[in-house]
Amino acid sequence: MQTTFPQLLLAHATQRPTAPAMREKEYGIWQTISWQDMATMVTHMACGLHQAGLKRGEHMIVVGSNRPRLYATMLAAQSLGAIPVPLYQDAVAAECVFPMTNAEVRLCVVEDQEQVDKMLEVRETYTALAHIYYDDPRGLRKYDEPGLGSVDELLAAGAVFAKQHPNFFKEQVDMGKQDDVAAMFFTSGTTGNPKGVVHTHSTLIDRAQAGAEFDHLTSNEDVLAYLPPAWIGQNIFSYAQWLVAGYVVNCPESAATVTIDLKEIGPTYYFAPPRVFEGMLTSVSIRMEDASSLKRNMYKYFMRLAKKVGPKRMDGESIGLFNSLMYGLGNLLVYGPLRNNLGFSRVRVAYTAGEAIGPDLFTFYRSIGVNLKQLYGSTETAVFVCLQPDNQARADTVGVPCRGVEIKVADNGEILVKSPGLLKGYYKNPEATAEVLTADGWYHTSDAGFLDSHGHLKIIDRVKDVGRIKGGSNDGAMFAPKYVENKLKFFPHIKEVVAYGDQREKVCVMINIDFDAVGNWAERRNLPYAGYTDLAQKPEVYELIKECVEQVNADLAEDELLAGSQVSRYLVLHKELDADDGELTRTNKVRRGFIAEKYQPLVDALYGGLTTQFIETVVKFEDGRTGSVSATLQISDAKTFAPVKAAA
Amino acid sequence: MTKHIGDVILDVQNISLRFGGVKALTDISFNVQEHEIRAIIGPNGAGKSSMLNCINGVYTPQEGSITFRGQTFDHMNSRQVAEMGVARTFQNLALFKGMSVIDNIMTGRNLRMKSNLLMQALRIGPAENEEIKHRERVEEIIDFLEIQAYRKTPVGQLPYGLQKRVDLGRALAMEPQVLLLDEPMAGMNVEEKQDMCRFILDVNDEFGCTIVLIEHDMGVVMDISDRVVVLDYGKKIGDGTPEEVRNNEEVISAYLGTSH
């Protein structure tokens, strides 16, 4: 199909002008924006941006949460043939300088005062930033910096221009071609500067369609847009697929109201990284523990039943008459109300991706009747590479290749992908492009994995992270750090884990406890604590974590390939790993190398056989100030198991 | 970034207040100009809250007069004060704990509703339309104070800092010209204080409210107020800009003590 995003918008506006395109909760009420309203807004916005001097082929920045006017801005930029570059709203000014310099941005549209302040800070180093427009004028009345203006003014000026030049917008949209660059996404990158991933209209639209076909998405879907629009996942779900399928995107009132808004909207198509699902389950578990004994027992009984038969039922297998009846009763008493409480009453398709999901967590949602599935993809592949069919969802695989995708496993175990949705390249970075996109058309994912006997893709770790144990009793054994970390993270009491072991004789881990879960656990045991650091170092907490570590070791022992990755020593960190301190990426992945350098004394102590180690760490607060946290950490040993040979 | 400070809106002249033999306030005079943030400070028991209560009409001073927008009174009546556009918040939160955030803020609109109790209870006549209109204003305040997530939460369940915000919201719902804040930051942590400061500055700036506040946190007072009155044992010992007050000998000795 020869088309661009603005052309899709105009098609919707012509064919179904009054149908809702977006809803935004404002003043406590969901305000609907029809496709016609949307098209008008985009027209005015485009005319306004044109007058502000936005040129064809030029990049512009969009920063903010999911707001209809910011989505309209992206469409307006694309209408003019310009390229919107969404940035993460929680990135600090210093992180924005590189992308903006790299893309030679002169113009940006941002959400509110917080973002304006950030852009003004960016402008101190990157002086070429000429125009800053803001959506929400709150607190900005007294700003008189040059080049600062409101989106309202921009729209008003655009409306006047559109009236004088009634054909301008349509002509501009018609000039757009499907192979034009549509958007650029900066990948957070675990090392070095971020890279701008360039996508055309055709790559994004093709993948959006492939995903929509796979799950039979229609214009009747409701989606809640609550993840950062700078992340390609959210962009696909609430922008590309929105325009392709023509469904309704709902923008929550604020980050704090997402759970309330989710309940009110009851989306039919839902996407969240595993941590969000995990957070929901944690809050359910905590609340159930506080419930009356009747409710608690009912919940326990029916959850046991659900765990046994729920997943089978979802996969369309027969579960017998008695179980069917009991499940029906459970649905009435527990599962239904629970789904409703989570906002999943109407969910037809729910996806999770980005990180491995724990089997218990995955099963929980499927067993209560939420069609939770996994998918595999990245910014470079415009998300959709593999998807799980409705009745074949597994916790440890990521699905089958979807339409147009070819998959090949290289000799070193790396997964190679060929798809119509592959990136055009990294912006101004041909070396990096050549590294991942070889001349024969294969994209190198840098993920290690394999296709299992059912044709489902299974991911183990990043290729470069898969290491070898050196020396000791497990010499030469394979070490997959992320695999170990994820296994540990699946325990509700553990929030984050960093594992070391490559080129060393044993595996050691540093653990972050989950403050909510462990705090609650401690309160139930009348265990007093003064705060995070204190709680983390309690001997009882170490015992709790030890059980988790040894459970993982027992599991790993059963896997011949990874038995050598068992954890010998561990410690619990005194502070939460944080993206603001550079320990996590903006998408919350651990930066192993950076952490090893920053906590060098701890790593040395782990391998040096010490039982305690003092550490002082500088922390960065949200407002940019710094402070320091210090503590003497305990280091503990864990039991490892002899590899279990698979029975013949 | 300069703001426009107007004429005197509230003028307090020679106020004295006694409870039996206890002199709470003795001959206090000061004025408040339109659009300014005026702080009243002083050690415990200095008479700060009593001063607000006189302005507010809760206490009737034995001597002195209060002039509000050119009208002079020898004592104020709380309802009359509210109708003239003076709202206040309380040191010890006087919210309806069992009611939701929305309902609490709605009570601040009560004075502006024309329908009577019966009409409101039965939702007849203009009552429903009126409620919708007022609810709109309440929603704007909720948006302004960023408490959207707690709209329907009973106030008693909210943390203290948020309850303070609701208290401010209720006062704002009256669309006051003058806002009296009695220790808006008492008992808050640093972050909550920063938020509250921002709200106070925004109220002053965006709603054009004149603000009279009592506060103990000197950092806050010196940062946000335009002029400061200092009371000690019911007497005025200082009045001026934060800078002037900071260098006032009497104020320093009242706060830090002197060697006798």
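**Figure 1. The largest nonpolar core of this predicted model has 197 residues.** A nonpolar core is a set of buried Ala, Val, Leu, Ile, Met, Phe, Trp, Tyr and Cys residues joined through C-beta atoms within 7 Å, and a residue is buried if 20 or more other C-beta atoms, placed from the backbone, lie within 10 Å of its own, exposed if 12 or fewer, and partly exposed in between. The residues with the most contacts inside this core are Leu9(A), Met38(A), Val42(A), Cys108(A), Leu488(A), Val509(A) and Ile511(A). Because domain 1 (5–202 + 229–244) and domain 2 (478–637) of chain A both give residues to it, the core lies between them; the domain bounds come from an automatic or database domain assignment. Apart from this core lies another, of 66 residues, among them Val81(B), Ile200(B), Val203(B) and Val221(B). As this is a predicted model, local features need pLDDT of at least 70 and side-chain atom pairs count only at pLDDT 80 or more, whereas totals for chains, interfaces and linings use all residues. Residues are numbered from 1 along each chain as its sequence is written, while chains are lettered from A and ligands numbered from 1 in the order in which they are written.

**Figure 2. Surroundings of Ile511(A).** Leaving aside residues up to four places away in sequence, Ile511(A) touches Leu488(A), Ile494(A), Val497(A), Ile545(A), Tyr570(A), Val572(A) and Leu573(A), where contact requires C-beta atoms, placed from the backbone, within 7 Å.

**Figure 3. Helices H8 (residues 201–214) and H9 (residues 232–245) of chain A.** Their axes come within 9 Å and cross at roughly 80°; axes are lines fitted to C-alpha atoms, for helices over the stretch in contact, and angles run from 0 to 180 degrees between N-to-C directions. H8(A) and H9(A) are therefore roughly perpendicular to each other, a label given to angles of 65 to 115 degrees. Residues of H8(A) including Leu204(A), Ile205(A) and Ala208(A) meet residues of H9(A), among them Ile236(A), Ala240(A) and Val244(A). Helices (H or I, at least four residues) and strands (E, at least two) are DSSP runs, numbered from the N terminus.

**Figure 4. An open sheet of four strands in chain A, in the order E2-E1-E11-E10.** The pairing is mixed, and two strands pair if DSSP finds at least two bridges between them. Strand E2 (29–34) and strand E10 (222–224) of chain A stand at the edges with a single partner strand each, so one side of each is left without a neighbour in the sheet. The twist averages 25° from one strand to the next.

Conventions:
Two residues are in contact if their C-beta atoms, placed from the backbone, lie within 7 Å. Angles under 35 degrees count as roughly parallel, over 145 as roughly antiparallel, 65 to 115 as roughly perpendicular and the rest as oblique.
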